[in-house]
Amino acid sequence: MHDPAAETGPEDGPLGDRENASAAGASGSTDTAGHRATAGLTVGGRVVVRYRLEEGSDAGATDFVGELVARNDDFIIVDARVGGAGQGGASGQATERVKLIRADVIAAKDVPPPASQPGRAHERVSADELEKLMSRGWQPTERKGLGDWVLRSASGFTGRANSVLVVGDPSLPLDKAIDYAEAWYAGHEAPALFQLHGPTGFEVAEQPVGHALLERGYAVGGGRPDWTRVLVLTALSAQVPPLTTESVPVNADAALSPEWLMAYAAQRSVVPGTTEAVLTGSEGQLFLSVRDEASKKVVGIARMAIHPGWAGIFGLWVHPDHRRHSIASTIVSAIGMVARENNMPAIYLQVSGDNADGIAFWNGLGFRTHHEYTYLAKPEA
Ligand SMILES: CC(C)(COP(=O)(O)OP(=O)(O)OC[C@H]1O[C@@H](n2cnc3c(N)ncnc32)[C@H](O)[C@@H]1OP(=O)(O)O)[C@@H](O)C(=O)NCCC(=O)NCCS
């Protein structure tokens, strides 16, 4: 049987089909300047690649901008934007899958998601593009592409890492795509869970995927109030209040420490091994913490995901005995400072619609709703 996902898996798609861009030819070496330029690119992320053209062609090089689908020793595959250069690569614009010889790459880098609507840095990205970016800020331990959809699994640790990211076209008729996803999760002995997004207040039944899932007996939120409606909030890093001389010291560490993990595990369920893999699985992340002066214990934490042009905030938490002492605001100020200093003008985070206190906190700092999402699951799951 033809496996539709086989060609589209962001990490596991084969590199042998759909020959495309012409080039001078593979050098045979796996340590060329082109290999080094492409080694750090994020699979699943948006990249720009300057590529050497065949000898004798009029132009010496051309640029490809688009999603990096796969990479092996010799090639990279990019779903490159075609036509309308300068239109910003908005969602829905035509793409062509190109296979590029790594040795012929002149330069390459990760770039932020495209702008597709008017607004400032935190407003002009589409919900689809922001969902794809956020998904890279919280990586599952296993992922499988189904056209544009992404099937994610991480031993049940968090809905985000164990659900279908419904974006774009699944490359199959809808019913078959849902069948495929259900079978994939059944193979992982896990319930099928779908993450569906839309504008603020969107009606699940009015979206074709939502409608099809409701028809199959799926329920919005899958019986969990915190999954019924999740808000995606964004702000400019420039608008986050700066740290002051009064601010409590915030520790920022690229490594996940046992103490940070203990504070995290004290307030939510974790899956040993998998939780660490998810927390450390993004293209970049920082673990922030605040310690109580008296007890020396960690009483406030957050995780910052680092992307081109964007920062993500995950797992912000302050011990109940230490709330309303500006610990969370100070941690967010520290994240804002790191973001500003590292060319990340926009910040995102996700907060459950039933977390009134959390929403009040974020709104107070100037974060506003970009869009919403919900999870759909069969009630018995
Ligand atoms: C939300 C949370 C992180 C806030 O931490 P905190 O250190 O108490 O927050 P701060 O002291 O910095 O609060 C700054 C401002 O946010 C607002 N705020 C904070 N908690 C609030 C609450 N429970 N209700 C209403 N407003 C609140 C207030 O305006 C507050 O200023 P004020 O104390 O001068 O009135 C904390 O309550 C918490 O850990 N909750 C559980 C986890 C969670 O919900 N995390 C965020 C979801 S992503």
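A polar contact is a pair of N or O atoms within 3.5 Å; within protein, one atom must be able to donate a hydrogen and the other to accept it, and residues adjacent in sequence count only if both atoms are side-chain atoms. The structure is a predicted model, in which local features need pLDDT of at least 70, side-chain atom pairs count only at pLDDT 80 or more, and totals for chains, interfaces and linings use all residues. Residues are numbered from 1 along each chain as its sequence is written, and side-chain values use heavy atoms, with hydrogens and water left out.

An oxygen atom of the ligand lies 2.8 Å from a polar backbone atom of Ser326. A nitrogen atom of the ligand is 2.9 Å from a backbone N or O atom of Leu316. For Asp357, a polar side-chain atom is found 3.3 Å from a nitrogen atom of the ligand. On its own the ligand has 910 Å² of accessible area, of which the protein covers 70% (Shrake-Rupley method, 1.4 Å probe; for residues, only the protein chains shown count as cover).

The shell around the ligand consists of 16 residues, where a residue is near a molecule if one of its heavy atoms lies within 4 Å of it. The closest are Val318, Arg324, Ser326, Ser329 and Asn355. Two or more residues each come from strand E15 (310-318), helix H8 (327-341) and helix H9 (356-364); helices (H or I, at least four residues) and strands (E, at least two) are DSSP runs, numbered from the N terminus. H9 gives the most, with 4 residues. By type, the shell divides into 8 nonpolar, 5 polar and 3 charged residues. Here Ala, Val, Leu, Ile, Met, Phe, Trp, Tyr, Cys and Pro count as nonpolar, Asp, Glu, Lys and Arg as charged, and the others, Gly among them, as polar.

Two further residues were examined. Thr42 is located in the loop between helix H1 (33-39) and strand E1 (46-52). Thr42 counts as buried because its relative accessibility is 12% (buried means under 20% relative accessible area, exposed over 50%, partly exposed in between; 1.4 Å probe, protein chains only). Leaving aside residues up to four places away in sequence, Thr42 touches Leu68, Asp110, Arg136 and Glu283, contact meaning heavy atoms within 4.5 Å. The side chains of Thr42 and Glu283 are also joined by a polar contact of 3.2 Å.

Ile106 belongs to strand E5 (residues 105-110). With a relative accessible area of 39%, Ile106 is partly exposed. Arg50, Tyr51, Arg52 and Ala61 are touched by Ile106, not counting residues up to four places away in sequence. The C-alpha atom of Ile106 is separated by 9.7 Å from that of Asp63, 43 residues apart along the chain.
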